[in-house]
Amino acid sequence: MEMERRIHLELRNRTPAAVRELVLDNCKSEGKIEGLTAEFVNLEFLSLISAGLISVSNLPKLPKLKKLELSDNKILGGLEMLAEKLPNLTHLNLSGNNVKDISTLEPLKKLDCLKSLDLFNCDVTNLNDYRESVFKLLPQLTYLDGYDREDREAPDSDAEVDGVDEEEEDEEGEDEEDEEDEDGEEEEFDEEDEDEDEDVEGEEDEDEVSGEEEEFGLDGEVDEDEDEDEDEDEEEEESGKGEKRKRETDDEGEDD
């Protein structure tokens, strides 16, 4: 894909001033940067890996750029443009380019903020006293090819070299906190729902008990009515028997 078209796609309906990172790796070019303008005033990270670049002469002024990835291109020199256009550059990767001499790096002396420089797979790394010579030429450097002057490896994070990763980590931390807050709110809602369900179940149980009590109450009243009816029947029977005995006695008296 052509570089200019790729830049248009990477904007995603944003203005150039709103872009902080721009990745244009593997874009087709005619040996120079195309489509990138000074409108990207807030750009902090630019990657142009394997973009077929021969020079960086078309690089616009990017005052906030901190990291520039130019590995696996065909850049021979012309690095003075970096010092002129990128005053706050802290990390520069020129690995896999045609840098052959220490003198080619001399324009980088003007990059006062430069802390990390990578030159892996460049011919210059085969020179005697390569590391000592580069550190002497560029005293502002902290890391060369991932190691400092005492051969101590750079930390995995480039937070010390640039501010981009630190800010991204802060944003990720804020997102995680927001997600945790949302999860906590969902748990609270779930607990409230469970409490409501328990209350409803309790009310249903009470209704069932009340219904049973009412049924038992009715049964009790029915039983009492039946007992009263039975007592009245027994009394009537006894009365009938008494009258019968009386008649029989009267009849015997008349016969006498």
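User: What is the mean pLDDT of the protein chain here, and what share of residues reach 70 or more?

Analyst: The protein chain of this predicted model has a mean pLDDT of 79, with 61% of its residues at 70 or more.

User: Where is the pLDDT below 50, and how many contacts does such a stretch have beyond near neighbours in sequence?

Analyst: Residues 213-222 have a pLDDT below 50, and beyond near neighbours in sequence this stretch makes zero contacts in the model. Residues 252-256 also stay under 50 in pLDDT, and for them the model has zero contacts beyond four places in sequence. Where pLDDT is low, the predicted coordinates should not be read in detail.

User: OK, on to the core: how many residues are in the largest nonpolar one, and which have the most contacts inside it?

Analyst: The largest nonpolar core holds 47 residues, and those with the most contacts inside it are Leu 46, Leu 82, Leu 92, Leu 108 and Leu 117. Two or more residues of this core come from each of helix 1 (3-11), helix 2 (80-85) and helix 3 (130-137), with helix 3 giving the most, at four residues.

User: And what does Leu 92 touch, leaving aside neighbours within four places in sequence?

Analyst: With those neighbours left aside, Leu 92 is in contact with Leu 68, Leu 70, Leu 82, Leu 108, Leu 114, Leu 117, Ser 116 and Asp 118.

User: Switching to cysteines, how many disulfides are there in the whole structure?

Analyst: A search of the whole structure turns up zero disulfides.

User: Is Cys 27 buried or exposed, and why?

Analyst: Cys 27 counts as buried because its relative accessibility is 3%, which is under the 20% cut-off. Cys 122 is likewise buried, with a relative accessible area of 2%.

Technical notes
Residues are numbered from 1 along each chain as its sequence is written. This is a predicted model: local features need pLDDT of at least 70, side-chain atom pairs count only at pLDDT 80 or more; totals for chains, interfaces and linings use all residues. Side-chain values use heavy atoms; hydrogens and water are left out. A nonpolar core is a set of buried Ala, Val, Leu, Ile, Met, Phe, Trp, Tyr and Cys residues joined through side-chain atoms within 4.5 Å. Buried means under 20% relative accessible area, exposed over 50%, partly exposed in between (1.4 Å probe, protein chains only). Contact means heavy atoms within 4.5 Å. pLDDT is the predictor's confidence in each residue, from 0 to 100. A disulfide is a pair of cysteine sulfur atoms within 2.5 Å.
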